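Dear colleague,

I am passing on the structure we spoke about, which you will find just below. My notes on what was found in it follow after that.

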Amino acid sequence: MSEAKEERPVMRLEDLGLSPTIIRKLKEAGYKTIEAVAVANVNDLASILGVPINTVQKIVNKARDALGLRFKTALELKQESRNIGRITTGSKRLDELLGGGVETRTITEFYGEFGTGKTQICMQLSVNVQLPPEEGGLSGKALYIDTEGTFRWERIEKMARAVGLDPDEAMKNIIVARAISTDHQIAIVNEAMELIPKENIRLLVIDSVTSHFRAEYPGRENLAVRQQRLNQHLHQLARIAEVYNVAVVVTNQVMARPDVFYGDPTQAVGGHVLAHAPGVRVQLRKARGNRRIARIVDAPHLPEGEAVFLITDEGIRDVEE
Ligand code: GTP
Ligand code: MG
């Protein structure tokens, strides 16, 4: 966690110098904190508040100023980069491929076919984020948004025991929300903005980020709307990662048959959905037995190549030499 962030006095919406009416409308719409306003979508806010976009932009800028999010010197950027936290995946090889683990302040997308280990990685990270920094964690909690009903507490129990955490404590530190639609998924993320600082959450998982969008906007005729809503969602997630210094991990199932998705921009050549949002894209594929192969896509700052890892009873591990 960024030290400066922890020491920052907690400010309330009332401290921004906004009119009482605006404050009331913001709160009624669920924007209860300065952080929530700072990461809000300007168009959404404009329609909620019934004021012009440029007025909303001023409100959002005030919130961003209050959080120190606007102009920064290069030195400040350097200091912030020291605050990036990394969570171990359980595999040293995979960590190295990711530049030391899954990073805070960014979105990491794991995409691949069914059974490639996307959910296993999410559950492993939710356990590992709880470890102290010297063991590859961030001494924090996880918020796990499960859209497919595939989260298993039994698996968490096993993985926790395997890394030496008390299983009950570890399960208490993973807050699970089952999202049943795109609207619900987006609403949970909005609520998360209050929960993240309050609960010391350092990892936000959405497994999977795309399934409800695909189900609700089927066919080519809906592609444009789907893509727009998904992009908005991803951008909000990117802002949350930055503002709260948390790692955001999303998964995205892609099919083996690319022809099925021909012409689908959310399912382009590489298959990832982060094309228009900042972040790290990791493609997973199956290999022999319980081996899986990870490859980083479009990341000039990360080492090229692939990492082989295992899905074992204890969780994500390296292949023994
Ligand atoms: P979809 O959500 O269907 O797209 O797949 P996914 O990429 O999320 O796959 P998931 O993470 O669910 O990985 C499934 C793989 O993990 C399967 O090959 C399982 O055999 C393996 N797996 C799951 N649980 C265990 C376990 O307790 N022990 C072991 N050894 N392997 C497991
Ligand atoms: Mg899964």
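I start with the boundary between the two domains, where there are 0 salt bridges between domain 1 and domain 2. Please keep in mind throughout that this is a predicted model. Polar contact between domain 1 and domain 2 comes to 1 residue pair, both partners being at pLDDT 80 or more. On the side of domain 1 that touches domain 2, the residues divide into 4 charged, 3 nonpolar and 2 polar.

As for the domains themselves, the assignment for the protein chain places domain 1 at 13–66 and domain 2 at 81–318. The contact draws on 9 residues from domain 1 and 8 residues from domain 2, while the centres of the two domains, taken over C-alpha atoms, are separated by 30 Å.

The size of an interface is often expressed as the accessible area that is lost when the parts come together. Here the area buried between domain 1 and domain 2 is about 720 Å², and carbon and sulfur atoms give 60% of that figure. Within the area that domain 1 buries against domain 2, 59% is supplied by Glu-35, Val-39 and Asn-41, which is more than any other three residues supply.

Turning to the chain as a whole, its secondary structure comes to 13 helices and 11 strands, and its C-alpha trace spans about 65 × 50 × 40 Å along the principal axes. The radius of gyration of the protein chain is 20 Å, which agrees with the value near 20 Å that a compact globule of 321 residues would have.

Two details of the backbone may interest you as well. The peptide bond from Asp-207 to Ser-208 is cis, with omega near -5°, and Ser-208 has its place in the loop between strand 6 (201–207) and helix 12 (211–216). Arg-105, a residue other than glycine, has a positive phi, near 70°, and is found in the loop that lies between strand 2 (102–103) and strand 3 (106–112).

Notes: Residues are numbered from 1 along each chain as its sequence is written. Chains are lettered from A and ligands numbered from 1 in the order in which they are written. This is a predicted model: local features need pLDDT of at least 70, side-chain atom pairs count only at pLDDT 80 or more; totals for chains, interfaces and linings use all residues. Side-chain values use heavy atoms; hydrogens and water are left out. Domain bounds come from an automatic or database domain assignment. Contact means heavy atoms within 4.5 Å. Buried area is the accessible area (1.4 Å probe) that two parts lose on being put together, summed over both. A salt bridge is a side-chain nitrogen of Lys or Arg within 4 Å of a carboxyl oxygen of Asp or Glu. A polar contact is a pair of N or O atoms within 3.5 Å; within protein, one must be able to donate a hydrogen and the other to accept it, and residues adjacent in sequence count only if both atoms are side-chain atoms. Ala, Val, Leu, Ile, Met, Phe, Trp, Tyr, Cys and Pro count as nonpolar, Asp, Glu, Lys and Arg as charged, and the others, Gly among them, as polar. Helices (H or I, at least four residues) and strands (E, at least two) are DSSP runs, numbered from the N terminus. The radius of gyration is taken over C-alpha atoms; the globule rule is 2.2 Å times the number of residues to the power 0.38.
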